[in-house]
Amino acid sequence: MIDHILSILIFFPALAAMLGFIIHKDSIRAYGVAIATIEFALSLWLWFLFDSNVSGMQFMEQLPLVPSFGINYILGVDGISLFIVILASFFTMIGLASLTDTKNIKNMIITLLFLQMTMVGVFVALDAIVFYVFWELSLVPMLYIIGAWGGPLRIYASVKFFLYTFTGSLVMLVGMLFMAYYYYQATGTWSFAILEWYRLILPEAFQLWLFVAFFIGFAIKVPMFPFHTWLPYAHGQAPTIGSVILAAILLKMGTYAFIRFSLPMFPDASVFFMFPIAILAIIMIIYTAMVAYAQEDIKQVVAYSSVSHMGVIILGTFALNVEGITGSIFLMIAHGVVSGALFLLVGVIYDRRHTKMMSEFGGLAHVMPRYATIFGLMLMASVGMPLTINFVGEFLSLLGFYKQSHILTILAGTAIIVGAIYMLTAYKKMFFGNVTNEENRNLPDVSKRELLALIPLAIITVWLGIYPKPILVPINNSVASIVQLMHDKSTTEEAKKRIPNLVKGEDVKTLEKEAH
Amino acid sequence: MIEPVNVSLGSLNLITLAPMLIPIIGALLILVIDIFKGGLDKTLFVVISLLFLLMDFSALIDSAGIFSQGGTVMGVFNVMLIDGLAILSQFIIVVASMLFIPLALTHKRFHEFSYPEFFALFLFMIAGFQFMVATDNLILVFVGLETSSLALYTLVAMHNRDKSFEAAVKYFTMGALAAGFYSFGAMVFYALTGSVEINQIATVLAANKYADIAYVLIGVVFMLASFGFKLSLVPFHTWAPDVYEGASASMAGFMSIVPKIAAFVVAMRLFEFLIHSGVVWLEIVLYIFVVVTMTAANIWALVQTDVKRMLAYSSVSHAGFVMAAILIGTTQSNSALFLYWILFSFTNLGSFSMLWISRQKHLPEHQRSDHTYDKFAGMVQTSPVAASIMGLFMLSLAGIPPFALFWGKLYLISSAVTAGYTILAFIMVLNSAISGYYYLKLIVYMFMKEPLMGNDGHVYVSNATTALKSIIGFAAIGTIFAFIALNPLLEFITAFIYNSGY
């Protein structure tokens with residue numbers, strides 16, 4: 001069973017979802033929570049079995065799918081993907097547990113379980129086509145969740161979400177086909193296996209445009225600055241559970257794919273595009289923060305702040321050194337926890353008042369003290385206060401990028417600090433002062449079910465903020481091997497200089513050679 | 001004194017005719033039965049047709065065996081040409097027909113199926129298509145083309161609605177024009193080379209190094225126009241949406257698959273050698289045809305209000321997509337064409353059958369055509385299984401992995417990439433993205449809108465019987481689990497294409 005734990009992790013929820021059609025709709029919630037809990041336990045078990053000292057892939061599985069065209073079902077997990085998988089199963093569980101009464105709850109839970117299959121699949125796939133299958137398939141449940149349970153503009157939002165990502169992914173698909181063709185030219189066999197692609201050293205010209213093809217697919221998913229327009233609609237219209245999963249997991253697919261595909265496969269192109277992308281990321285941080293400040297809807301504030309922090313993740317990724325990439329992966333986890341929690345919190349108040357307008361609220365701290373406390377904690381985490389989970393990731397990401405460019409890093413750091421303004425303003429509008437709206441006077445505080453979801457998130461936020469080591473070590477090991485691979489593979493001078501060489505001995509040797 | 005012509009029966013290799021003769025015998029049998037005893041039920045004719053198609057299928061397996069052992073077989077004065085293309089396309093034709101024929105077993109009575117002639121004509125038509133693909137003689141192609149087309153016009157007209165007659169007449173007129181163009185083209189080639197066999201034409205043209213290129217181009221123009229009509233390439237597509245709308249949904253599904261694969265094979269035989277011998281002009285024209293057909297049909301499909309018309313335009317677009325394989329002209333792209341079409345036939349027959357089981361005999365007042373989008377609003381609430389299956393077919397048509405058509409698209413785009421048609425690959429990809437919108441539109445209606453007043457969901461399956469449901473289930477399973485069959489299928493197709501020299 002251990003040999004196939006990744007397949008079990010992928011297909012267990014899907015199988016459970018299919019069997020879920022049989023279950024009566026009054027009992028389906030218990031079923032969904034049970035399945036998600038089992039899945040979460042399985043993912044924890046995976047962590048337990050995972051050897052933190054190994055930097056490469058573990059629990060590899062391989063099965064030929066279309067061998068004549070080089071498509072194989074290959075799975076594997078390393079320090080980079082392990083925690084995102086756990087995060088995915090964790091958030092599905094939390095989301096299902098805190099699910100409030102919705103219409104067609106059976107369809108919703110079955111859809112969520114299918115969505116879980118695709119999420120886990122994306123992060124453990126090691127074959128480009130298998131990756132693509134799950135990547136695309138994840139759009140369908142999300143389309144349904146937004147389109148069927150969303151707000152008034154839900155159809156527009158869901159179709160926009162789908163078409164935007166679909167178009168980007170198709171361009172990425174062409175890139176993948178080219179990559180496979182180059183591999184075919186070099187070796188004489190077709191292969192879509194990512195680990196085999198890693199070994200392929202491409203000329204810089206090929207790298208550049210392949211990088212762009214992949215970039216379009218990933219950047220739309222993240223979403224990066226010029227491509228972000230679908231996200232506010234999707235978040236604004238999606239039901240709480242949809243926003244939570246979207247922000248916590250689905251957006252991470254894009255940033256994860258950068259680390260899994262773009263960096264190791266195209267090191268020279270990554271260096272070439274480092275500054276343009278960093279500038280885009282900084283624009284993204286500043287611009288979305290400003291837009292967030294102008295919002296009147298608390299959910300939009302959270303949505304734009306979520307985009308803003310994705311910019312820091314991108315910045316850390318394109319630092320192209322161990323600190324930066326480790327930090328960005330850690331920040332993916334942190335961002336998942338924090339923005340997921342914030343969306344849950346917005347959902348809490350929306351369930352009570354059916355509005356998300358900040359002007360409707362005020363003085364909520366008097367009425368709902370526990371709610372205000374948790375919200376405050378998450379908000380502090382979101383703006384990156386030390387001793388919270390986000391701080392670790394943001395600090396490492398910026399530290400990494402500081403080695404590449406001082407000015408840009410200072411700019412980004414300032415932007416993050418200034419970003420605190422809009423969050424604090426939003427908090428002030430909603431929670432402080434007197435209760436201005438009579439309707440708010442008798443709102444019930446957070447219920448037990450909601451606490452069940454929020455307390456674990458709060459604990460994780462503080463715990464990993466104080467002691468991030470259990471997660472950082474495995475991430476660090478895997479990242480180090482990828483950075484080394486990038487250094488070895490890179491062909492241009494610039495890239496050799498920018499991407500650090502981690503093997504100390506070789507540095508000495510080359511120095512000696514130069515000395516002679 | 002003239003020597004008596006002595007032909008030994010053995011040298012004729014009559015076995016090559018067997019797959020075509022079987023449906024002809026079946027058709028005659030149906031007619032004979034009808035003479036002796038009229039008024040028999042349609043179930044009898046459905047089963048007889050199925051049986052003969054099964055026999056046809058086993059004859060094909062036979063010739064596939066012969067081909068994989070001994071290569072291409074010629075027969076009947078070297079008119080018949082049984083190569084990999086012929087066998088593969090006949091497989092598609094016969095299997096798609098076997099899936100189509102049980103669709104006659106509807107719950108409601110429809111006019112056309114009460115005539116035994118319907119089934120006889122159907123089998124004649126199959127034989128016509130089989131002749132068309134199993135020869136490289138332009139005259140026999142013409143005979144097959146006309147046999148099948150004339151039968152098809154009648155089958156469309158037998159649906160017996162005002163729009164059906166309009167459709168049949170339109171189809172007939174356009175088809176006659178196409179036939180005219182075809183014979184003109186064939187005449188030019190005959191005048192140039194003194195032969196009506198494509199490989200002879202190729203040899204003669206190559207021998208004099210395309211000295212008469214102007215005449216070749218004239219011939220090609222006529223041929224292109226003719227196949228443009230048959231394959232509904234833009235701008236020769238205008239008949240397609242109207243004919244699809246007028247024909248019954250099952251017949252429309254059939255028309256989107258079987259006649260086209262036959263035309264594709266002939267186009268492949270004819271255009272491939274011209275492209276490979278460097279007729280640049282043809283390459284450019286085909287390129288334009290492919291791009292315009294894909295894109296324009298997609299854009300028209302966006303604005304349709306009727307699902308059937310949308311599917312008609314989408315079929316046009318898919319035909320353009322696949323035409324790219326002929327333009328690319330490598331072994332991989334030709335294999336991709338067949339792979340795509342096999343997967344497409346499952347999905348498309350499935351989606352047209354879904355329309356077919358929801359066919360009402362009398363339209364309610366608020367509904368302007370048979371299958372408006374409104375009719376499917378909120379379908380998931382009243383008949384969730386049917387809605388899910390329809391959604392599945394739509395996702396497959398849009399090319400969402402891992403459903404059937406995605407793999408066809410993947411392989412076809414990969415063949416474009418491999419052959420160096422980068423821009424074409426991107427155009428194909430962008431068209432897939434555009435087409436996502438209109439397939440999604442139906443999903444949006446089915447899953448995200450509220451049902452219309454007074455719609456209790458009965459309408460979606462009003463026409464369903466076990467036979468129809470099994471066909472749809474079969475198509476759905478084929479659509480979902482295509483990836484399992486992919487590898488053997490791909491190896492089989494590639495071997496056959498490669499050994500036929502394409």
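Predicted model: local features only at pLDDT ≥ 70, side-chain atom pairs only at ≥ 80, totals over all residues.
Is H11(A) mostly covered or mostly uncovered? The helix is mostly covered, since 26 of its 26 residues are buried.

## The two chains as a whole

Chain A holds 23 helices and 2 strands. Its 516 residues would give a compact globule a radius of gyration near 24 Å, and the value for chain A, 22 Å, agrees with this. Taken along the principal axes, the C-alpha atoms of chain A fill a box of roughly 80 × 55 × 40 Å. Of the 516 residues in chain A, 60% count as buried. Among contacts in chain A with a separation of 6 or more, 79% are accounted for by residues 24 or more positions apart.

Chain B comes to 21 helices and 2 strands. Its radius of gyration is 22 Å, close to the 23 Å that the globule rule gives for 502 residues, so chain B is as compact as a globular protein of that length. The C-alpha trace of chain B spans about 80 × 60 × 40 Å along its principal axes. Buried residues make up 57% of the 502 residues in chain B. Of the contacts in chain B between residues at least 6 apart in sequence, 81% join residues at least 24 apart.

H18(B) is mostly covered, with 15 of its 15 residues buried. After H18(B) comes Gly420(B), whose phi is positive, near 90°.

## The nonpolar core

The largest nonpolar core has 407 residues, and the residues with the most contacts inside it are Val156(B) and Ala324(B). Helix H15 of chain A, residues 322-353, gives the most to this core, with 18 residues.

Which residues does Ala324(B) contact when its neighbours within four places in sequence are left aside? They are Val290(B), Leu412(B), Ala416(B), Leu424(B) and Met428(B).

## Backbone features in the loops

Most residues other than glycine have a negative phi, and most peptide bonds are trans. Two peptide bonds may be noted against this background. The bond from Val222(A) to Pro223(A) is cis, with omega near -10°. Pro223(A) has its place in the loop between helix H9 (204-221) and helix H10 (230-237) of chain A. In chain B, the bond from Pro401(B) to Pro402(B) is also cis, with omega near 0°. Pro402(B) lies in the loop between helix H17 (384-398) and H18 of chain B.

Positive phi values are also found in residues other than glycine. The phi of Asn104(A) is near 50°, and this residue is placed in the loop between helix H3 (79-97) and helix H4 (105-124) of chain A. Asn104(A) has 15 other C-beta atoms within 10 Å, and therefore counts as partly exposed. Tyr210(B) has a positive phi of about 50° although it is not a glycine. Its place is in the loop between helix H8 (198-207) and helix H9 (213-231) of chain B. With 17 other C-beta atoms within 10 Å, Tyr210(B) is partly exposed.

Technical notes:
Residues numbered from 1 in each chain as written. Chains lettered and ligands numbered in written order. Buried ≥ 20, exposed ≤ 12 C-beta atoms within 10 Å, placed from the backbone. Helix = DSSP H or I, 4+ residues; strand = E, 2+ residues; numbered from the N terminus. Rg over C-alpha atoms; globule rule 2.2 N^0.38 Å. Contact = placed C-beta atoms within 7 Å. Core = buried A, V, L, I, M, F, W, Y, C linked by C-beta atoms within 7 Å.
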